[in-house]
Amino acid sequence: MSGPHRLSRRERQIMEIVYRLGEATAAQIHEQIDDPPSYSAIRALLRILVDKQHLQHRVDGQRYIYAPVVSRSKARSAALAGVVENFFEGSAARAAAALLGSAHGKKLTKGELDELSMLIDNARKQGR
């Protein structure tokens, strides 16, 4: 899966920090990132994330403050929709079956199964 919106490891790290903080300066990101690259590398990555339309910025005096363009939940939904479309022929049922098949070796807990059952029941009630 490639293209202009695919994120590198460093870009994903930056997005996680910005989502966690709500908004952040380059200095705050540099402070919080694991094994940080140079400050100028952080600034270059921020410019790339703005170009890819993942981040927007506003000017506050001498610094830029970066914030996500879309909420984490919208970004998550869009990414999941892409996975369902690309890997499961658009079938949410096939995607769910793959998760439930625990191909990744991790069994779902009773609480997770109960939550899924509740979500399915709610979807049925809403006619989805």
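Trainee: Which conventions apply to the numbering and to the values?
Mentor: Residues are numbered from 1 along each chain as its sequence is written, and side-chain values use heavy atoms, with hydrogens and water left out. Because the model is predicted, local features need pLDDT of at least 70 and side-chain atom pairs count only at pLDDT 80 or more, while totals for chains, interfaces and linings use all residues.

Trainee: In what order do the elements of the chain run from the N terminus on?
Mentor: Elements are DSSP runs numbered from the N terminus, with helices (H or I) needing at least four residues and strands (E) at least two. By that rule the chain has six helices and two strands. From the N terminus on, their order is α-α-α-β-β-α-α-α.

Trainee: What radius of gyration does the chain have, beside that of a compact globule of 128 residues?
Mentor: The radius is taken over C-alpha atoms, and the globule rule is 2.2 Å times the number of residues to the power 0.38. The C-alpha atoms fill a box of roughly 55 × 30 × 30 Å along the principal axes. A compact globule of 128 residues would come near 14 Å, whereas the chain has 19 Å.

Trainee: What percentage of the residues of the chain count as buried?
Mentor: Buried means under 20% relative accessible area, exposed means over 50%, and partly exposed lies in between, with a 1.4 Å probe and protein chains only. Of the 128 residues, the share that counts as buried is 22%.

Trainee: Which side chain of opposite charge is nearest to Arg10, and how far away is it?
Mentor: Arg10, in helix α1 (residues 9-21), is buried yet has no salt bridge. A salt bridge needs a side-chain nitrogen of Lys or Arg within 4 Å of a carboxyl oxygen of Asp or Glu, and for charge Lys and Arg count as positive and Asp and Glu as negative, with His and the chain ends not counted. The nearest side chain of opposite charge is that of Asp35, at 4.3 Å.

Trainee: Which backbone oxygens does the side chain of Arg10 reach?
Mentor: A polar atom of the Arg10 side chain lies 2.9 Å from the backbone oxygen of Asp34. The side chain of Arg10 also reaches, at 2.5 Å, the backbone oxygen of Asp35.

Trainee: Where do Lys110 and Asp114 lie, and how far apart are the closest N and O atoms of their salt bridge?
Mentor: Both residues lie in helix α6 (residues 110-125), four residues apart, about one turn of the helix. Lys110 is exposed, with a relative accessible area of 60%, and Asp114 is partly exposed at 41%. The closest N and O atoms of their salt bridge are 2.8 Å apart.

Trainee: Which residue meets Arg94 in a salt bridge?
Mentor: Arg94 is partly exposed, with a relative accessible area of 45%. Its partner follows α4 and has a positive phi, near 50 degrees, and is exposed at 58%. With an N to O distance of 2.6 Å, that partner is Glu89.

Trainee: Which residues does Val69 touch, not counting residues up to four places away in sequence?
Mentor: Val69 is found in the loop between β2 (63-68) and α4 and is partly exposed, with a relative accessible area of 40%. Contact means heavy atoms within 4.5 Å. By that rule, Val69 touches Gln53, His54, Leu55 and Gln56.

Key
Polar contact = N/O pair within 3.5 Å; in protein donor to acceptor, adjacent residues only side chain to side chain.
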